[in-house]
Amino acid sequence: MAMGRGSDATVSVLILCLLVLQTEMVQSVTYTVGGAGGWTFNTAKWPAGKRFRAGDVLVFNYSPQAHNVVRVNALGYRSCKTPKGAQVFRSGKDQIKLQKGANYFICNFVGHCESNMKISVTAM
């Protein structure tokens with residue numbers, strides 16, 4: 001009898017874990033930065049009105065010959081300068097998972113960030 005109860009408890013714990021995992025997966029949302037126009041100039045206001053959560057995925061679609069995506073800190077975002085060690089994405093179809101808190105992205109091609117090719121996203 002005791003063996004059966006332990007087995008039932010194990011199954012219950014596994015089911016609970018699966019439900020929690022499924023809830024986490026359902027809650028994440030994928031956003032295409034810039035909408036149909038993609039990652040391009042004047043996208044700084046694109047996040048307005050959207051509610052982001054940690055784990056959501058931003059998809060950056062662009063021509064890799066013309067642009068890139070750089071994950072920067074707040075100073076890099078404000079100054080349009082790439083900090084040492086910043087993560088640079090160049091595929092043209094980058095999928096980046098948001099971290100909790102502030103997330104900053106710029107294009108570091110000359111003049112692009114200054115033309116508002118940058119976004120700031122706060123994920124809860």
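Is Cys-113 buried or exposed? Cys-113 counts as buried because its relative accessibility is 2%, where buried means under 20% relative accessible area, exposed over 50% and partly exposed in between, with a 1.4 Å probe and protein chains only.

The structure is a predicted model, in which local features need pLDDT of at least 70, side-chain atom pairs count only at pLDDT 80 or more, and totals for chains, interfaces and linings use all residues. Residues are numbered from 1 along each chain as its sequence is written, and side-chain values use heavy atoms, with hydrogens and water left out.

## Cysteines

A disulfide is taken as a pair of cysteine sulfur atoms within 2.5 Å, and by this rule the count is one. Cys-80 and Cys-113 form it, with their sulfur atoms 2.1 Å apart. The torsion about their S-S bond is about -70°, so this disulfide is left-handed. Distant parts of the chain are linked by the pair, 33 residues apart: Cys-80 is in the loop between helix H2 (74-79) and strand E4 (87-89), and Cys-113 is in the loop between strand E6 (101-106) and E7. Helices (H or I, at least four residues) and strands (E, at least two) are DSSP runs, numbered from the N terminus. Cys-107 is in no disulfide, and the nearest cysteine sulfur, that of Cys-113, is 8.3 Å away.

| Residue | Relative accessibility | Class |
|---|---|---|
| Cys-80 | 16% | buried |
| Cys-113 | 2% | buried |
| Cys-107 | 0% | buried |
| Val-29 | 35% | partly exposed |

## Sheets

Two strands pair if DSSP finds at least two bridges between them. Three bridges join strand E3 (residues 69-72) to E4 in the antiparallel sense, and Arg-71 has Gln-87 in E4 as its bridge partner.

An open sheet of three strands has the order E1-E2-E5 and mixed pairing. Its edge strands are E1 (30-32) and E5 (93-97). E2 and E5 run antiparallel and are joined by five bridges, with Val-57 opposite Lys-97 in E5.

Val-29 is placed in the loop between helix H1 (2-27) and E1. Contact means heavy atoms within 4.5 Å; leaving aside neighbours within four places in sequence, Val-29 is in contact with Asp-56 and Val-57. The C-alpha atoms of Val-29 and Leu-58 are separated by 8.6 Å, with the two residues 29 apart along the chain.

## Nonpolar cores

A nonpolar core is a set of buried Ala, Val, Leu, Ile, Met, Phe, Trp, Tyr and Cys residues joined through side-chain atoms within 4.5 Å. The largest has 18 residues, and among those with the most contacts inside it are Trp-39, Phe-52, Leu-58 and Phe-60. Strand E2 (57-61) and strand E7 (118-123) are the elements that give two or more residues to this core. E7 gives the most, with three residues. Apart from this core lies another, of seven residues, including Val-70, Tyr-104, Ile-106 and Cys-113.
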